[in-house]
Amino acid sequence: MKSFIEQSKEIEDYLLEIRRYLHQNPELGTELPKTTKFVKEKLIELGCKPEEICKCGITATIGGKNPGKTILLRADMDALPMQEESGLEFTSLHSGHAHTCGHDLHTAFLIGAAKLLKEREDEIQGTIKLMFQPGEESLTGAIDMIKAGILESPKVDAAMGVHVQPLLPLNHLNFAKGAFLSSTDILEITVQGQSCHASQPHLGIDPINVAAHIILALQSLQVKEVPTNEAVVLNICEVKSGYTSNIVPDQAVLRGTLRTYNPELRKKIIEHCNKLVELTAKAFNATAKFEVVESCPSAINDHKLVEDMGEYISNLGIDFTTDPNYRLQVSDDFGFISELVPSIFFIIGCKPEGTQASHNHNSKVVYNEEVLHMGAALFAECAFNWLKNKQ
């Protein structure tokens, strides 16, 4: 029988058709009616029995005819609320919605892998569970599917995810051991002052002034409290206050993000932020409330899985360039899965040749579609061989 990479190369047109349909029809969050209908139809065509276990969260299994372990393959399906300016002939048909993070490619990878694996279903030593997930950009979809039982019946023994990276050339594949993607905490700070006329600031408490001091103090905290060998980002990215030029407002709201790989340091920084915000506000006779309104843990690559998958990838037939020290200070809610089962997450390069590299979440980002057959083969090769060698 042909190798997975050979078979995957033969279905490139199939993968292109899937990816381009999804790209033209982006949907947001957990409102993915067209996407889920399309994915279900494709899985049914392959002989799978897809099930929607939560809102727009689809699963199906392949194998199960022979005893063995269960491995989960995950792809996210949601797009971003932004305008596409790629200039592609198959650009988004929906103004303000765009697949500028590559989730259309991920979904095509997994459907392609399902097609390859279904052809060898009798040989699979265990079960392969597919996870088509909504709501990754809102960091809610993985939790919803976990609560709906995606890791049970059959119980998942290992999990695998992948993300495209248009800043890396084709044939680059990274999957370093340990913390691979950073945690994310969305911070919200509400400063309560006292409104007054701008000409008489002594009669009020200016929350904008307090907010400015809080922002500067937080940046100092990042410099002075974080060890130099730790990668930490603490940024205030949103400031809202005031409604006219001659009135001191009574409130200011700040929102920002904290990202780190170290859970203990993460906890320490949040505690320091809380104290710093409270005491800075108090120094100006204001009050302030500090909240972590949204969180996502680091995606952790299991050491043994990295070793195992590295061996299978070496036999895939692609001369991948791999950096064992590569990590990304971005987050993915696959981290919630890696907290519960041994997991591995891949970053695969797909920079178009001869073009200036563009990053994910950019309105003009373009992906090299040659990555499609590589992603499908990667999923299939790793899942098939991991099960085969875990009897």
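Contact is taken here to mean heavy atoms within 4.5 Å. In the predicted model described below, Asn174 touches Leu168, Phe180, Thr321, Thr322, Asp323, Tyr326, Phe345, Phe346 and Ile347, when residues up to four places away in sequence are not counted. Asn174 belongs to strand S6, and because its relative accessibility is 2%, below the limit of 20%, Asn174 counts as buried. A polar atom of the Asn174 side chain is placed 2.7 Å from the backbone nitrogen of Asp323, and Asp323 is also among the residues that Asn174 touches.

Strand S6, which comprises residues 173-174, is in turn one of the elements that cover the buried residues of helix H8. Helix H8 runs over residues 303-314, and because 12 residues at 1.5 Å a residue should span 16 Å, the 17 Å found between its end C-alpha atoms agrees with expectation. At the start of H8, a side-chain oxygen of Asp302 comes to within 3.2 Å of the backbone nitrogen of Lys304. The buried residues of H8 are Leu305, Val306, Asp308, Met309, Tyr312 and Ile313. An α-helix has 3.6 residues a turn, so residues three or four places apart point the same way. The cover over the buried residues of H8 includes, besides S6, strand S3 (69-76), strand S5 (158-169), strand S14 (299-301), strand S15 (343-351) and helix H10 (371-388).

Met309, one of the buried residues of H8, is also listed with Leu73, Ile128, Leu130 and Phe346 as having the most contacts inside the largest nonpolar core, which has 68 residues. Helix H10 provides the largest share of this core, 13 residues. Beyond four places in sequence, Met309 is in contact with Ile71, Ile344, Phe346, Cys382 and Trp386. Apart from this core there is a second, separate one of 25 residues, including Ile214, Val226, Leu234 and Ala281.

Lys49, which stands 34 residues from Leu15 in sequence, is 20 Å from Leu15 in space when the C-alpha atoms are compared.

In the segment after H10 lies Gln391, which is exposed because its relative accessible area is 56%, over the limit of 50%. Although Gln391 and Gly68 are 323 residues apart along the chain, their C-alpha atoms are separated by 5.9 Å. Gln391 touches Pro67, Gly68 and Gln125 when residues up to four places away in sequence are left out. The side chain of Gln391 has a polar atom 2.8 Å from the backbone oxygen of Gln125, and the Gln391 side chain also reaches the backbone oxygen of Leu387, at 2.9 Å.

The largest pocket holds about 500 Å³ of space. Its lining is made up of 22 residues, of which Glu137, Arg259, Val330, Ser331 and His361 lie nearest the centre of the pocket. Strands S5, S8 (183-192) and S15 each supply at least two residues of this lining, and S5 gives the most, with 4 residues.

The peptide bond from Ser153 to Pro154 is cis, with omega near 0°, and Pro154 is situated in the loop between helix H5 (141-147) and S5. A positive phi, near 60°, is found at Cys56, a residue other than glycine, in the loop between strand S1 (51-54) and strand S2 (57-63). Cys56 is buried because its relative accessible area is 6%. Asn171, likewise not a glycine, has a positive phi of about 75° and is placed in the loop between S5 and S6. With a relative accessible area of 25%, Asn171 is partly exposed.

Terms used: Residues are numbered from 1 along each chain as its sequence is written. This is a predicted model: local features need pLDDT of at least 70, side-chain atom pairs count only at pLDDT 80 or more; totals for chains, interfaces and linings use all residues. Side-chain values use heavy atoms; hydrogens and water are left out. The expected span of a helix is 1.5 Å times one less than its number of residues. Buried means under 20% relative accessible area, exposed over 50%, partly exposed in between (1.4 Å probe, protein chains only). A polar contact is a pair of N or O atoms within 3.5 Å; within protein, one must be able to donate a hydrogen and the other to accept it, and residues adjacent in sequence count only if both atoms are side-chain atoms. A nonpolar core is a set of buried Ala, Val, Leu, Ile, Met, Phe, Trp, Tyr and Cys residues joined through side-chain atoms within 4.5 Å. On a 1 Å grid over the protein atoms alone, a cavity is a set of points where a 1.4 Å probe fits but cannot get out, and a pocket is an open set with protein on both sides within 12 Å along at least five of seven lines; lining residues have an atom within 4 Å of a point. Grid points are joined across faces, edges and corners, and a volume is the space filled by probe spheres set on the points.
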